[in-house]
Amino acid sequence: NIDRPYALFFKVKFYTLIEKARKKVYDSEYTLSDEIRKDQFKSYISNIPKIDVLQFQKENDNETYLSSLRKLVTEYSIIEDLTSMISESICLRERKDILRKCLELYNTKEFELFGNIVPIQIEGLFADFLKDTTTFQRFTKLELYADAVLRRKILHLQEVNKDIYPESVQYFRFFFNNIIRNNVAHGSYRNLFKDKIQAEIFAIELILDMNMLIYMLSRKSETEKMYRFLNGYQKYYTQLIKSDNPCFGALFNDMIGDKIVSDYDSDERYRPMQVVYWLVNCRLSV
């Protein structure tokens with residue numbers, strides 16, 4: 001990141017692609033050999049363009065750069081994945097409609113409108129994430145930081161949620177806030193794109209930014225973790241453990257903080273009081 005300052009710009013945009021590849025490898029751990037899984041991983045990520053190549057195109061050839069971005073979005077089903085994440089999100093339940101309308105603008109090629117709306121919605125996503133992450137803490141500390149600017153929201157998130165991706169902090173707190181958010185918020189969007197080609201480039205870059213951010217919320221927000229933890233809990237342990245009360249032993253270990261919850265991108269041990277809070281307040285089907 002020091003030798004190539006532009007690398008972070010693209011790492012954020014490729015983040016979900018690498019994570020999807022990791023998930024594919026994780027899901028096939030007990031069904032495929034290590035060699036096959038390794039080959040599948042390489043094959044999946046092989047179509048991700050090289051960062052230096054994209055940067056050269058971005059600086060010297062807008063049409064070629066746009067073609068590369070279009071290909072990336074199509075081959076990795078970015079719009080389909082983003083649409084699915086928005087539909088399934090619990091953390092973003094109050095923002096779903098506006099996000100869907102943003103995607104409609106993108107799909108109908110209204111790139112200038114899209115480019116003027118989405119940066120502000122990205123700031124709103126951080127507000128939703130901060131509100132969600134501080135749900136438990138606000139029982140004893142009522143400050144919500146509702147009036148904080150984007151940089152302060154991200155700083156507060158760092159303080160209360162250690163899981164926030166460091167790449168997202170570096171990129172959104174500084175580059176995105178200073179170059180993109182501020183220009184759009186003050187009506188200076190022509191500093192960001194000056195013609196139709198640049199407007200579409202900017203729109204695709206925003207799609208990739210939003211994709212990474214919504215993915216992070218889907219994996220790290222407390223509401224999403226609570227849903228994954230409780231949804232289907234009894235059914236899962238009934239299938240896994242053969243006994244008269246199969247889920248009680250697992251629940252006991254959760255309540256004393258002894259159980260490790262593992263997934264392709266995390267190994268966590270939830271705080272007992274957090275589990276109690278989830279059980280008492282959750283209205284989701286378990």
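Tutor: Let us begin with a term: two residues are in contact when heavy atoms of theirs lie within 4.5 Å. Please keep in mind throughout that this is a predicted model. Among the contacts in the protein between residues at least 6 apart in sequence, 70% join residues at least 24 apart.

Student: How many helices and strands are there in the protein?

Tutor: The protein has 14 helices and two strands. Its radius of gyration is 21 Å, close to the 19 Å that the globule rule gives for 286 residues, so the protein is as compact as a globular protein of that length. Taken along the principal axes, the box that the C-alpha atoms fill is roughly 65 × 50 × 40 Å. Of the 286 residues, 46% are buried, and a residue is called buried when its relative accessible area is under 20%.

Student: How should I describe two helices that pack together, and at what angle do helix 7 and helix 8 pack?

Tutor: In general, two packed helices are described by the angle between their axes and the distance between the axes. Here helix 7 and helix 8, the latter covering residues 150-160, pack at an angle of about 30° with their axes 10 Å apart. Because angles under 35 degrees count as roughly parallel, helix 7 is roughly parallel to helix 8. Their crossing is left-handed. On the side of helix 7 the contact is made by E123, F126, A127, F129, L130 and T133, while helix 8 brings L150, K153, I154, H156, L157 and V160. By class, the residues of this contact divide into eight nonpolar, two polar and two charged.

Student: Which residues of helix 8 are buried, and against which helices do they pack?

Tutor: In helix 8 the buried residues are L150, K153, I154, L155, H156 and L157, and the buried residues of this helix pack against both helix 7 and helix 9.

Student: How far apart in space are K242 and I256?

Tutor: K242 and I256 are 14 residues apart in sequence, and their C-alpha atoms are 22 Å apart in space. K242 has its place in the loop between helix 12 (233-240) and helix 13 (246-255), and K242 is exposed, with a relative accessible area of 71%.

Student: At what angle do the axes of helix 1 and helix 3 cross?

Tutor: The axes of helix 1 (residues 7-27) and helix 3 (residues 51-60) come within 10 Å and cross at roughly 115°. That makes helix 1 roughly perpendicular to helix 3, and the crossing of these two helices is right-handed. A7, F9, F10, K11 and F14 in helix 1 meet I51, L54, Q55 and K58 in helix 3. This contact of helix 1 with helix 3 has six nonpolar, one polar and two charged residues.

Student: Is R37 buried or exposed?

Tutor: R37, which is found in helix 2 (residues 34-45), is buried, with a relative accessible area of 12%. Not counting residues up to four places away in sequence, R37 touches V25, Y26, S28, E29 and L32.

Student: What is there to learn from the backbone angle phi, and where does S77 lie?

Tutor: As a general rule, most residues other than glycine have a negative phi. Phi of S77, however, is near 50°, a positive value in a residue other than glycine. S77 lies in the loop between helix 4 (62-75) and helix 5 (78-88), where S77 is partly exposed, with a relative accessible area of 29%.

Student: What is the phi of K109?

Tutor: Phi of K109 is near 65°, again a positive value in a residue other than glycine. K109 lies in the loop between helix 6 (96-107) and helix 7 (111-133), and K109 is exposed, with a relative accessible area of 60%.

Definitions and conventions:
Residues numbered from 1 in each chain as written. Predicted model: local features only at pLDDT ≥ 70, side-chain atom pairs only at ≥ 80, totals over all residues. Heavy atoms only, no water. Axes fitted to C-alpha atoms, helices over the stretch in contact; angles between N-to-C directions. Helix = DSSP H or I, 4+ residues; strand = E, 2+ residues; numbered from the N terminus. Parallel < 35°, antiparallel > 145°, perpendicular 65-115°, else oblique. Left-handed = near helix turned anticlockwise from the far one by under 90°. Nonpolar A, V, L, I, M, F, W, Y, C, P; charged D, E, K, R; others polar. Buried < 20%, exposed > 50% of the residue type's maximum accessible area, 1.4 Å probe, protein only. Rg over C-alpha atoms; globule rule 2.2 N^0.38 Å.
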